[in-house]
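Work through the exercises below with the sequence and the model side by side. Try each task before reading its solution.

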Amino acid sequence: MAERLYAEHPDLYDAIQSEWPYDRDIAFALDRFDEHGVAGDRLLEIGCGTGEHTRRFADLGFSVTAIDKHEGMLAAAQSKCDATFRHGALPHFDLDKTYAAAVMLRGVVNHLPPEDLAPSIELLADVLSPGGLLVFDNSPLPPDGNHPGIDIGETPHGPYARIAQHVPTGDNRLDWRSITFSPEGDVIPDRTPMTPFSDDRLTDTCQHAGFEVEHYDGFGQTGTQRGLGEARTVFVCER
Ligand SMILES: C[S@@+](CC[C@H](N)C(=O)[O-])C[C@H]1O[C@@H](n2cnc3c(N)ncnc32)[C@H](O)[C@@H]1O
């Protein structure tokens, strides 16, 4: 089954991601909101996962609407903070409000199939107020695939081990295959389809949707733990 880590094991996802510098991401977004004079506190978060960004934004006083494709991820996020949680997936969901800013952080865009990119970005342009800001990152995925890598870490219940590999599927996408050994003795095979978008394609799509686009290249270069040093491009798009 695809996307089992997201669908069935949000707690394990949370543990695997626990070393991610979420505070750094929030500080970056806040700086961009300040620079662009984001007006209002209504924030839309797409692909909120287990809510580690969500709870930080909520703690800062933002009125967050957080959306995710997987109900288990949403339930984990919901247990952490006071926000409006919606089950849904880009590019198909209805929002009846407008937002001062929207974020989709940590490769959420790379979960989209290529044909869903433009309608997704257009939908986000539609739900932002004039002058509103969209912030998202492009994961540095290997377009030709890579060799399997191993990650061993700790959860609150004991150690886990995960072997993962990106395998090209011949349609400009990757199959992100993994097998995770949980502390409880579960063996969880998983696969998630991913798209390695070029920065140029993302820029063109955002401009076509009416955004003014700035790039921040090499974001995250200074991370040191378990591959967190992979530099990615962050897009800051003003409507
Ligand atoms: C790598 S996780 C990032 C989660 C969270 N932003 C974080 O940083 O921990 C990607 C998330 O995007 C969600 N997702 C994938 N495709 C989506 C889509 N089309 N619309 C909304 N959420 C999506 C997944 O369910 C998953 O929770």
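This is a predicted model: local features need pLDDT of at least 70, side-chain atom pairs count only at pLDDT 80 or more; totals for chains, interfaces and linings use all residues.

**Exercise 1: A strand pair and its sheet**

Task: Find which residue of β7 stands opposite Gly 149.

- Step 1. Opposite Gly 149 stands Ala 164 of β7.
- Step 2. Look for a second pair. Tyr 160 in β7 is the bridge partner of Gly 153.
- Step 3. Name the pairing. Strand β7 covers residues 158–168, and its pairing with β6 is antiparallel, over 7 bridges.
- Step 4. The link from β6 to β7 is a hairpin through 2 residues.
- Step 5. Widen the view. The open sheet has 4 strands, ordered β6-β7-β8-β9, with antiparallel pairing.

**Exercise 2: Placing Pro 148**

Task: Is Pro 148 buried or exposed? Which residues does Pro 148 touch, leaving out those up to four places away in sequence?

Solution. 
- Step 1. Locate the residue. Pro 148 sits in the loop between β5 (128–138) and β6 (149–155).
- Step 2. Count neighbours. Pro 148 has 12 C-beta neighbours inside 10 Å. The cut-off for exposed is 12 or fewer, so Pro 148 counts as exposed.
- Step 3. List the contacts. Beyond four places in sequence, Pro 148 touches Ile 163, Ala 164 and Gln 165. Ala 164 is the residue that stands opposite Gly 149.
- Step 4. Check a distance. From Pro 148 to His 70 the C-alpha separation is 26 Å, and the two are 78 residues apart in sequence.

**Exercise 3: The ligand shell**

Task: How many residues surround the ligand, and which are the closest?

Solution. 
- Step 1. The ligand is surrounded by 21 residues, and the closest are Gly 47, Gly 49, Ala 89, Arg 106 and His 111.
- Step 2. Ask which elements contribute. Two or more shell residues come from α4 (52–59) and from β2 (63–68).
- Step 3. Sort the shell by type. It holds 10 nonpolar, 7 polar and 4 charged residues.
- Step 4. Pick out Arg 106. This residue is in the loop between β4 and α6 (114–127). Arg 106 is buried, because 20 C-beta neighbours lie inside 10 Å.

**Exercise 4: Backbone exceptions**

Task: Which residues other than glycine have a positive phi, among them Arg 106? Where is a cis peptide bond?

Solution. 
- Step 1. Arg 106 has phi near 80°.
- Step 2. Glu 3 also has a positive phi, about 55°, and is not a glycine. Glu 3 belongs to the segment before α1 (4–8). With 16 other C-beta atoms within 10 Å, Glu 3 is partly exposed.
- Step 3. The cis bond joins Leu 90 and Pro 91, with omega about 5°. Pro 91 is in the loop between β3 (84–87) and β4 (99–104).

**Exercise 5: The whole chain**

Solution. 
- Step 1. The protein chain has 7 helices and 11 strands.
- Step 2. The C-alpha trace extends about 50 × 40 × 35 Å along its principal axes.
- Step 3. Of the 239 residues, 38% count as buried.

Conventions:
Residues are numbered from 1 along each chain as its sequence is written. A residue is near a molecule or strand if its C-beta atom, placed from the backbone, lies within 6 Å of it. Ala, Val, Leu, Ile, Met, Phe, Trp, Tyr, Cys and Pro count as nonpolar, Asp, Glu, Lys and Arg as charged, and the others, Gly among them, as polar. Two residues are in contact if their C-beta atoms, placed from the backbone, lie within 7 Å. Two strands pair if DSSP finds at least two bridges between them.
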